[in-house]
Amino acid sequence: MRPACCEERITTVWGNGLATRPDVSNGGQFGAPRPGGRTHAGADFIGYSELRAIEPGNVTFAGVLNSAAGVSVAIDLPNQIDGQIVTVVRMHIQPGSLRVMRGSQVVAGQPIGLMGESGNAQGKCDHVEVRFFRGGQLVKTVDPVTWIANRMGQPVPMPASIQQRVSKAFVNGRVAPSRQAPIRGSLAAGIAGTFNAFTRGEMVEGNDIWFRGHFTGLWFWSGAFTSTSTQGLIKV
Ligand SMILES: [Zn+2]
């Protein structure tokens with residue numbers, strides 16, 4: 001065990017951004033019967049407007065997933081569980097309301113979009129689905145109500161080499177440490193980005209330090225953060 005002082009910790013919230021569980025719609029329970037003998041692979045939460053990230057992670061999809069799911073967001077969590085990648089998928093989001101894009105890094109509680117009824121939703125709901133993958137293959141889906149409740153209040157330790165820095169302005173994530181490099185992600189102001197390395201790249205306003213995103217591998221100019229400290233980060 002690493003000393004508690006030096007761990008970056010992850011917290012869990014419900015999809016409403018709170019520690020109190022929102023209601024699940026009638027028939028929206030995990031495993032509820034669906035046409036064709038299928039069962040409901042997620043849980044349909046109701047009673048709030050702004051959907052918030054349940055845990056931190058990397059946005060791997062943001063857009064119309066298919067005609068049933070409608071506008072959806074998929075977030076891969078930073079730590080594998082039993083060698084499996086955990087992906088939290090949100091469906092039926094209100095079109096035009098997305099606050100994240102593919103490649104965005106999010107923290108728990110960060111707004112991702114508004115509750116809607118896109119796709120085949122029966123009324124407005126926040127369909128939350130927790131998928132486990134191994135080798136790109138879906139292994140299982142689990143009941144989000146049980147899964148989130150079990151993780152609530154149980155911080156997940158992260159290695160000391162993974163550090164968080166809070167952005168003081170909107171900052172682009174680029175494929176190389178240069179303002180000329182293509183943009184593939186971003187962090188809004190006031191967000192704790194998660195980084196695992198730094199490098200010396202293009203000099204901007206007398207500062208050539210760039211942080212490497214832990215989830216995306218993208219480069220973020222350190223001058224956009226409240227601390228430009230490289231302590232704990234690996235130099236690459
Ligand atoms: Zn659903």
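User: Which protein donors surround the zinc ion, and how far from it do they lie?

Analyst: In this predicted model, the zinc ion has His-40 (NE2), Asp-44 (OD), Asp-44 (OD) and His-127 (ND1) as its protein donors, lying 2.1 to 2.8 Å from it. These atoms count as donors because the cut-off applied to N, O and S atoms around such a metal is within 2.8 Å.

User: Why can Asp-44 and His-127 be said to tie together parts that are apart in sequence?

Analyst: Asp-44 belongs to strand 3 (residues 43-46) and His-127 to strand 10 (residues 126-134), so the pair joins parts that are 83 residues apart in sequence.

User: How do you know whether Asp-44 and His-127 are buried or exposed?

Analyst: Buried means under 20% relative accessible area; Asp-44 has 8% and His-127 has 5%, so both residues are buried.

User: What makes up the largest nonpolar core, and which elements supply it?

Analyst: This core has 26 residues, and those with the most contacts inside it are Phe-45, Val-73, Ile-75, Ile-112 and Trp-147. At least two of its residues come from each of strand 3, strand 6 (71-76), strand 7 (85-93), strand 10 and helix 1 (144-151). Apart from it lies another core, of 17 residues, including Val-107 and Leu-187.

Notes. Residues numbered from 1 in each chain as written. Predicted model: local features only at pLDDT ≥ 70, side-chain atom pairs only at ≥ 80, totals over all residues. Heavy atoms only, no water. Donors = N, O, S within 2.8 Å, 3.2 Å for Na, K, Ca; no water. Helix = DSSP H or I, 4+ residues; strand = E, 2+ residues; numbered from the N terminus. Buried < 20%, exposed > 50% of the residue type's maximum accessible area, 1.4 Å probe, protein only. Core = buried A, V, L, I, M, F, W, Y, C linked by side-chain atoms within 4.5 Å.
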